[in-house]
Structure formats: structure tokens, C-alpha cells
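Hi,

Here is the structure I promised to pass on. Have a look at it first, and then read my notes below.

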Amino acid sequence: MKKCFFFIFVCIFIGREITVAQPLQQSSAATQKWWKEAVVYQIYPRSFKDSNGDGIGDLKGIISKLDYIKSLGVDVVWLNPIYQSPNFDNGYDVSDYKKILPEFGTMADFDSLLQGMHRRGIKLVMDLVVNHSSSEHEWFKQSRSSRTNPYRDYYHWWNAENGKPPYRFSLFDINHDAWKYDTTTNAYYLHYFSDKQPDLNWENPKVRNEVYNIMRFWANKGIDGFRLDAFQFVAKDTTFPQFPKRFEKNFMHYYAMQGNLHGYLQQMNQQIFSKYDVMSVAEGAGNTFEDAHNLVDSNRHELNIAYAFNGVDIAKPNGYSLLQFKTVFSQWDSAFEHSGWLAVFLANHDQARMVSRFGNDAPAFRTHSSQMLSTFLLTMRGTPFYYNGDELGMSNPHFTSISDYRDEVILDAYKHTKQTGGNINVFMKNLAFGARDNGRTPFQWNSSTNAGFTTGTPWIGINANYTTVNAAVEENDPNSCLNYFRKLVQLRKNNPTLVYGKYTLLDKDNTQVYAYLREDAHGKFLVVLNFSDKNAEFNNPILMKQAKLLLANYTTNATISLTKILVLRPYEAMVIQL
Ligand code: NOJ
Ligand code: CA
């Protein structure tokens, strides 16, 4: 477990198993919805664009870049939390759900951001962080003040005269202990994440109503959806039974999808989702395909999109197996062929950069491998959740000193490693590969000082490659990652087959090439991706003298001859119309 903690953001959800469930014989997967056809672009506000020189990205900064966002062709922006927060966990510790963090701006800025997006036909999805609040939230201040306070039951408390509470594992706590003793009332409170993030008591109907009020507040402002942070953990058995020894090795089994979670989601659906045209996605999808279906199958009236980590978890510092990658994505696709809907993603703010984990960030390969991965994301069934900066092929900054990192959880783990005589070299290597700060360095706008992100000192260092990897340079290069991404988005928009069509894996045992068909009554496409840094051969079952090459990251030839063996160059990607 210790090792896992040090590497927490790579293996945070390790232990999930894939259980093959029989697909349900429904056809809701084919029902057209705007949130199925959307390309979601995730913006990490702190790192996107700073408007006032304090080194921190902000809402006005995003507003100034709305035309850029529009130029990508994306339909939806998912914004990480921008609420009032002491910012222990960069906004995932909310102290007031209806206020904007002053560092990010004001409510008036938020209103003009939303207006600016809607004017451009872009929808906005907000992060809702309600498995826990900040310990600075008024509810918690009240709750901890006395055992009889009306807010006491907003959180989980265990009175100390009853002895130590049964062990619960914390994902963020250095000692993995999810109970924190609080002297004021001689009791422990529960925190699955840090002790500054006490878990809300979802079993209390008052808490649920507070959350629906918060959701109503934002939905009435006109936002277009919610991403529910850590939601799979909200329901708990409040008798807190003993779990077996070493349960933490498989904590997902004990934490995810417990109790009346589905009841809460159905209530939320009835109160909010059914009353507004909003999309909904929860972080995490339980342990099995069945768990994921139970969250999103349309007949359940809960959520829209399942966001499962099995794909993104595959990358490890010493590499990953393409066969495993293909198996995971193919199994998920087939489990959701007839009902439910998936998010497809390879990065987010909790992951290091996609190109560094799944591609190759060496200068010779960065562009092609990044474009190849984007081709994958934009040609799979499911809604692509695309992380800001990946359209430039932004890569890990390869930080070497602990002083480069900002994530408090990482800093705690570093101290702990030192104190306990752990191997700091290994620790630092693991961070450089997998720490989530790698994905949080400032967006690279141009080659001027600080990559055009800020006129001040950026809150976290900028990747040294910004002089060549940036939006301004890529704008003028027809073969850049940026312009390739725009073409991919248009290709998906022009061909709903790429959204809804059947997926069939080809040449399944090929260890270098991932190839698949997407087809329906309206069209048929062959996608061929070389995931390796060497030439690779694809055993092509579809022979055609002249097929239309719709998009490729090496060549702009209009046609291609489909022979029995296709030779691909390193990280070559092709989308072919059949
Ligand atoms: C998942 C969020 O994505 C992550 O950034 C955060 O630290 C935890 N949930 C706790 O809220
Ligand atoms: Ca700022």
C-alpha cells in the first residue's frame, strides 16, 4: 500500500477488476443525444490563462480565449472547480458552493464567461464536489462546534468514548487513516481524502437537499451539466462495521457504489436532471460493467455518461502493453454496445500528460504520437473528454526537484518518504512520470516570457519546451498537433458514424498496431494506429485498390491502396473511408 500511496495518482483506483457482464439488449446507445455527439474540452482554470499578472489562471483569462476554444470546434467545456475554497486541493475542497474563488474572479466574470460561451454555441459543465466539503465550510465549522449542533449530522462523527472507530482507509492521508480526532467534541470525523476534506453525510436528507439547492442555483444560471466528483463514494454504511484486515488493498470493493447510492442519484435526477437540459457524468464507475450500467442506463434515470478509469490506469512508468490497452477499450465498448454511454479519455487534471504516458514525448516522436493518440480518442464510440493542452501535444515538464511540485498530497508524501527512509530517487522518478502536477503546468500560448500565460510569476513552472510547443507556433503550421486536432473534431462532426457506429477490433494480436472499424448504415471507416516508435505491419483484412484517406498524421495523399500488409511509420495514424 505504501508504494501505491507514493504513486497515488497513477494507481489511485488500482484494484478495479473488469467483470464481463452480458450487454443488455436495449438500443438506447443508438438514441441520439447532444452529449453523445459532443467533444468535451476540459479546462483547468488555474493553468489556462492569467488576466491580471498574479500568476494564476482566472475566468477573465478564459474569456479572453473563447475564440480560441471555439476555433477547436469543441462543443462543451468542463471547468474544474472555481468555487470559494482554501485551495488545499486546488478547489476540490469547497468552502462556499455558491461563491467564486476571488483568485478566479467574481460572479459577474462567471456570468460573462457563460454568456460568451453560449454566444459561441459552447456549453458549460461544472464540477460538483459533494462527497466532501472543505473543513472551512460553514457547515463543518458548525458541525464540529458541538455534538448537538443542527449541522452535526451533515458529516460522519464517531464519539471517542466508544473507542477507536473501525479502520477506514484515506486516499490522501499520509498514514492512510480516514478518521481524524477532533478535540472540541472528543470525536473523530471521516475523510476519505485529506483531513481538510471531511466527507458529507449523504444519508442525511438535509445534506441531499442542500446539494440539490446548489445544483438548482447553477442550473438556473443556465449551465449545461455537472461532473460529480468522487461520487461513487458518497453512500456509506453509517454503522461503520469492521472491514476485513487489509481491505484497503481492494478498497474500491468497500467504498464504491455502496448503500443507497442509486436511490440518491434517482432522487437527484428527479429533482434536477429531469428538469433541466443538462448532461451528467460522475467520476468513477464502480468495479464492474454492471456497476457502470447501473449508473447510466437510460431506464434507470440516474446519470448520462460513465467515466471509468480502466483505460487511463494502464500506463505505468516502465511502459504498458498495447494488447492490454486494446482489450480494455474493446471490452468496455462491447459492454456498452446496446445501452449506456461512456466517456473516452486518456488524461485529465489528475493524470500526467497523455503524450508522456501513452505516447512518446521525445522531440522526434512527440508530434506524431500525440496526434495518433488524439486520433484514437476522436474515433472511438463514446464522448471524448479531451484535456486542455493535449491539442498542442503538451508533455510532462520533467521536473527534477521537489520544489517544482505544488500538489500538497505529493509534498506530504515526499516528507513521509524522507522520514521513513524511503528511496527518494525512485520516488522522484515516479513523480516525473505520473504525478498530477505534470498535467497542471501552464498552457503554452506563445514563445514570449512565461509562454504568454502570465505577465507575473506562474504558480507552477512552465515546460521548457514552450518556445516551440505553443498555440501561436502551431497555429501557423498546417501539420501541427493543433491543426490536426481541429481536423479530427470536424471529421467526427461530419460523420456521426464515428459517434454511434459499431466498433470492431481488427488484427487483435498485433502488439504495435491498434486497428478497428467503425460502421453503421451511413458509413464505414477503418482506423489504423501505430502505437510504436518503429515501423509496423498491419494485417489488413480489407483489400481495396483505392480507398479514401480522410485524415492522416504523415501524409496528405487523398487515396490509399489497401493491400494485405500495410506498413506504418512510427506513430502513424490513418482514418480511411471504406
Ligand atoms: C477527484 C478529483 O479529480 C481530484 O482532483 C481531487 O483531488 C479528488 N477527487 C478529491 O476531490
Ligand atoms: Ca490571475
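This is a predicted model: local features need pLDDT of at least 70, side-chain atom pairs count only at pLDDT 80 or more; totals for chains, interfaces and linings use all residues.

Asp54 belongs to the site of the calcium ion (ligand 2), where the protein donors are Asp50 (OD), Asn52 (OD1), Asp54 (OD), Ile56 (O) and Asp58 (OD). They lie 2.2 to 2.4 Å from the ion. Along the chain, the spacing of these donors reads D-x1-N-x1-D-x1-I-x1-D. Asp50, another of the donors, has a relative accessible area of 5%, so Asp50 counts as buried, the limit being under 20%.

Now for the other ligand. Which residues surround ligand 1? The list is Asp89, Tyr92, His132, Phe172, Phe193, Arg227, Asp229, Glu283, His349, Asp350, Arg436 and Arg440. Sorted by class, that shell holds seven charged, three nonpolar and two polar residues.

- Asp350: a polar side-chain atom sits 2.5 Å from an oxygen atom of ligand 1.
- His132: here a polar side-chain atom is 3.0 Å from a ligand 1 oxygen.
- Arg227: an N or O atom of the side chain lies 3.2 Å from an oxygen atom of ligand 1.

As for cover, ligand 1 on its own would expose 290 Å², and the protein buries 97% of that.

Last stop, Trp157. You will find Trp157 in strand β6, which covers residues 157-159. Its relative accessibility is 14%, so Trp157 counts as buried. What does Trp157 touch, leaving aside neighbours within four places in sequence? The contacts are Phe140, Ser143, Arg144, Arg152, Asp182, Thr185, Ala187, Tyr188 and Tyr189. Two of these partners also turn up in polar pairs with the tryptophan: the side chains of Ser143 and Trp157 are joined by a polar contact of 2.9 Å, and the backbone oxygen of Arg152 is 3.4 Å from a polar atom of the Trp157 side chain. If you want a sense of scale, Trp157 and Leu543 are 66 Å apart in space, C-alpha to C-alpha, and 386 residues apart in sequence.

Cheers

Technical notes: Residues are numbered from 1 along each chain as its sequence is written. Chains are lettered from A and ligands numbered from 1 in the order in which they are written. Side-chain values use heavy atoms; hydrogens and water are left out. A residue is near a molecule or strand if one of its heavy atoms lies within 4 Å of it. A polar contact is a pair of N or O atoms within 3.5 Å; within protein, one must be able to donate a hydrogen and the other to accept it, and residues adjacent in sequence count only if both atoms are side-chain atoms. Accessible areas come from the Shrake-Rupley method with a 1.4 Å probe; for residues, only the protein chains shown count as cover. Ala, Val, Leu, Ile, Met, Phe, Trp, Tyr, Cys and Pro count as nonpolar, Asp, Glu, Lys and Arg as charged, and the others, Gly among them, as polar. Donors are N, O and S atoms within 2.8 Å of the metal (3.2 Å for Na, K and Ca); water is not among the atoms, so sites may look incomplete. Buried means under 20% relative accessible area, exposed over 50%, partly exposed in between (1.4 Å probe, protein chains only). Helices (H or I, at least four residues) and strands (E, at least two) are DSSP runs, numbered from the N terminus. Contact means heavy atoms within 4.5 Å.
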